[in-house]
Structures are given as structure tokens and as C-alpha cells.
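Please open the model in your viewer, with the sequence panel beside it, and follow the stops below in order.

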Amino acid sequence: MARTTEIADGVYLIATDNYRLNSGLILGSEEAMVIDTGAGPRQGAEILRAVRRITELPLSVVNTHTHFDRFMGNAVFESDGADDFWAHPRAAHAIEKYGDRQRTYVEVLEPEMTHQQGANTHLVIPNRLLPGDGSRASFTRVELGDRAVTLFYLGLAHTDNDVLVGVDDVLFTGDILEQGSDPAFDDSYPDQWVSTLEQLAALDRYRVFVPGHGMPVESPFIERMGQTMKDAIHSIRASKLDQNASTTAAMYKLPYSPGATRILLDRLTWLDQKEEAGVSLSEVHFGDNETGLTGPITLGEGQ
Ligand SMILES: [Zn+2]
């Protein structure tokens with residue numbers, strides 16, 4: 001059962017059990033916006049039911065990034081009448097090109113989605129995109145009637161397509177922020193993620209930050225998360241440079257679980273190799289010049 005909390009006037013956190021997912025709902029006078037739709041028709045329907053207990057307004061949707069728990073419930077909302085699905089341009093591209101491969105991740109909790117059987121199991125590709133080609137910080141405003149929501153992209157972080165959703169003094173951050181568990185580094189850009197966290201902590205206009213999983217946090221949490229990540233990256237790089245040190249032993253001094261540490265280490269190694277090969281991480285492009293920098297979850301290559 002979804003747990004719904006009004007965190008500001010007409011702004012709701014909708015928490016569902018599967019994947020400990022946080023979704024959001026923002027009410028305007030003419031329209032309401034839903035943030036992240038779940039991992040398939042079951043979770044999508046659970047989120048939609050929670051939304052419909054609160055409002056009968058027409059809905060638009062934002063997918064904060066291209067991980068299955070953020071967009072695989074889109075078809076449920078399309079069936080309910082939603083036309084506008086907002087995302088970062090790279091998210092739309094990755095969902096269109098590789099979205100089907102992520103179906104394997106949800107087999108236990110969303111078997112219909114995995115096997116593409118039954119209603120609302122098709123992928124709905126985001127059709128309203130942040131401006132530009134997605135390689136630079138960008139923002140747009142979406143009018144909901146007597147209330148505007150700001151969608152923006154700060155830079156590489158948890159993925160290459162993390163969209164933040166701001167309204168009044170509340171900011172929905174997707175998985176850029178993670179409360180109660182380690183950050184997910186699989187598709188991440190750890191060095192740039194630290195910078196993005198520093199920018200985020202400095203945004204005075206927001207007071208409450210809603211992470212992709214866990215409880216809402218305030219800016220000191222973001223500073224600590226950034227510092228912890230910075231220290232962990234530093235420790236990993238230092239232990240790799242020291243030929244005498246055992247990397248495994250060094251891992252136990254790190255703030256993350258061995259599993260998360262291993263993923264961070266592998267991702268840093270892979271990104272460093274790309275950089276040495278002359279691939280620019282600051283301007284990841286796709287299309288004709290696709291660099292293949294998208295990570296294993298987004299590509300569906302993690303299993
Ligand atoms: Zn994610």
C-alpha cells in the first residue's frame with residue numbers, strides 16, 4: 001500500500017514498498033504532475049490509485065532518469081489520460097533504444113512487464129524534453145495552473161540524465177540523493193556527482209529535498225553525502241596508485257558496503273579508461289557520435 005505524505009501545500013510524497021520507491025505529486029489548479037511512475041503496471045497502478053485518492057485533475061508525468069523504477073509504470077498513466085511525459089533528452093533516447101532490455105530487472109515484482117503480457121506493459125517514451133541536446137545544464141518551467149514547476153538538469157551525477165523537479169521550497173531529486181542506503185554507482189559519473197551535490201547543497205531556494213528512496217532530507221545531509229562520496233573516490237584512487245596496498249583491505253575503510261564499493265571502483269576504472277582513450281565525459285553525446293558511456297543498468301547489461 002502506498003504511503004502518502006503532504007510535505008508542502010499540494011505537494012505529496014508517495015512512497016511504495018517495491019524498490020523503496022519515492023514518487024511525487026504536485027497539484028496545480030488545472031493540472032497535476034506525477035514524478036516517477038514505478039517499475040511496471042502493478043506499481044504504476046498502486047501509485048495512480050494513491051494519486052486519484054487526492055485529485056481528479058488531468059496528469060502530466062516526469063521521469064527523473066532512465067532507470068526501470070522511474071518509467072516502466074508510464075503506460076498506466078497514459079491509460080489514465082496523461083499526454084505529456086517529461087524527461088531529459090538522453091533519458092528519452094535511452095528508453096527508446098535500450099528500455100526493453102531493462103525488463104529483465106523487474107521479473108520478480110512485475111512479471112507482466114518482463115514478459116510484455118497484459119495491459120500497460122508497453123514502454124511510453126518521454127515526449128516532452130528539457131531544452132538542448134542534454135549535454136549542458138538546462139531548465140524549463142511547466143505550468144500547472146496558478147503554479148509552475150521547474151524541471152532542471154545540473155550535470156552528470158547518478159546517471160547522465162537526472163532531472164530535478166522543483167516547486168515552492170521542495171525539490172524532488174530522483175536518485176541524485178539516496179537516504180537510508182548507499183548511492184547507486186552503476187550508471188554514475190562519481191567525480192561529477194560530487195560537484196552536482198555541491199551545487200545542490202548551495203541552492204538556497206529549496207528547503208526540503210525528496211530523495212529517490214528514503215526520507216526527505218535538508219541541505220546538511222547533501223553536504224555530508226557529497227563529502228562522503230568525495231572521500232570514497234579519493235581513497236579508491238589512492239589505493240589503486242599504491243601498488244603495495246591491497247585494494248580489498250582498503251575497501252573496508254570505505255563508507256559504503258562492499259557491494260556498492262565494488263561497483264564504484266569498477267565504474268571509476270571504466271570511466272578513467274574512457275578518459276585516457278580521449279572520450280570527453282563533460283560532453284557526452286549520443287546519436288551519430290554515440291560514445292557508449294551510458295551505464296550497465298540503462299543498457300540492460302548488468303545481468
Ligand atoms: Zn536510479
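This is a predicted model: local features need pLDDT of at least 70, side-chain atom pairs count only at pLDDT 80 or more; totals for chains, interfaces and linings use all residues.

Which residue in β6 is the bridge partner of Val-62? Select Val-62 and look across to β6, where its bridge partner is Trp-86.

Residues are numbered from 1 along each chain as its sequence is written.

**The whole chain**

Show the protein chain as a cartoon: its secondary structure comes to 10 helices and 12 strands. The radius of gyration, taken over C-alpha atoms, is 19 Å, close to the 19 Å that the globule rule (2.2 Å times the number of residues to the power 0.38) gives for 303 residues, so the chain is as compact as a globular protein of that length. Along its principal axes the C-alpha trace spans about 65 × 45 × 35 Å. Of the 303 residues, 47% count as buried, a residue being buried if 20 or more other C-beta atoms lie within 10 Å of its own, exposed if 12 or fewer, and partly exposed in between, with C-beta atoms placed from the backbone.

**The sheet**

Now select the open sheet of 7 strands, which follow the order β1-β2-β3-β4-β5-β6-β7 with mixed pairing; two strands pair if DSSP finds at least two bridges between them. β1 (3-8) and β7 (128-129) stand at the edges, each with a single partner strand, so one side of each is left without a neighbour in the sheet.

Next, select residues 21-27 and 32-35, which are β3 and β4, antiparallel strands joined by 4 bridges. In this pair Ile-26 stands opposite Met-33 in β4. Helix α1 (residues 41-54) packs on the sheet, touching β1, β2 (11-16), β3, β4 and β5 (59-62).

Move on to β5, which pairs with β4 in the parallel sense over 4 bridges, with Val-61 in β5 as the bridge partner of Val-34. On the way from strand to strand, β4, α1 and β5 make a right-handed β-α-β unit, right-handed meaning that, with the strands pointing away from the viewer, the path from the first strand over the helix to the second runs clockwise. Showing side chains on β5, you will find Leu-59 and Val-61 pointing one way and Ser-60 and Val-62 the other way, all of them buried. β5 also pairs in the parallel sense with β6 (residues 85-87), over 2 bridges.

**The core around Ile-26**

Which residues have the most contacts inside the largest nonpolar core? They are Ile-26, Met-33 and Val-62, in a core of 76 residues, that is, a set of buried Ala, Val, Leu, Ile, Met, Phe, Trp, Tyr and Cys residues joined through C-beta atoms within 7 Å.

Select helix α4 (residues 89-98), whose buried residues are Arg-90, Ala-91, Ala-92, His-93, Ala-94 and Ile-95. These buried residues pack against α2 (68-71), β6, β7 and α10 (296-299).

Finally, go to Ala-201 in helix α6 (residues 190-201). Ala-201 is partly exposed, with 19 other C-beta atoms within 10 Å. Beyond its neighbours within four places in sequence, Ala-201 is in contact with Ser-219, Ile-222, Glu-223 and Gly-226.

Conventions
Two residues are in contact if their C-beta atoms, placed from the backbone, lie within 7 Å. Axes are lines fitted to C-alpha atoms, for helices over the stretch in contact, and angles run from 0 to 180 degrees between N-to-C directions.
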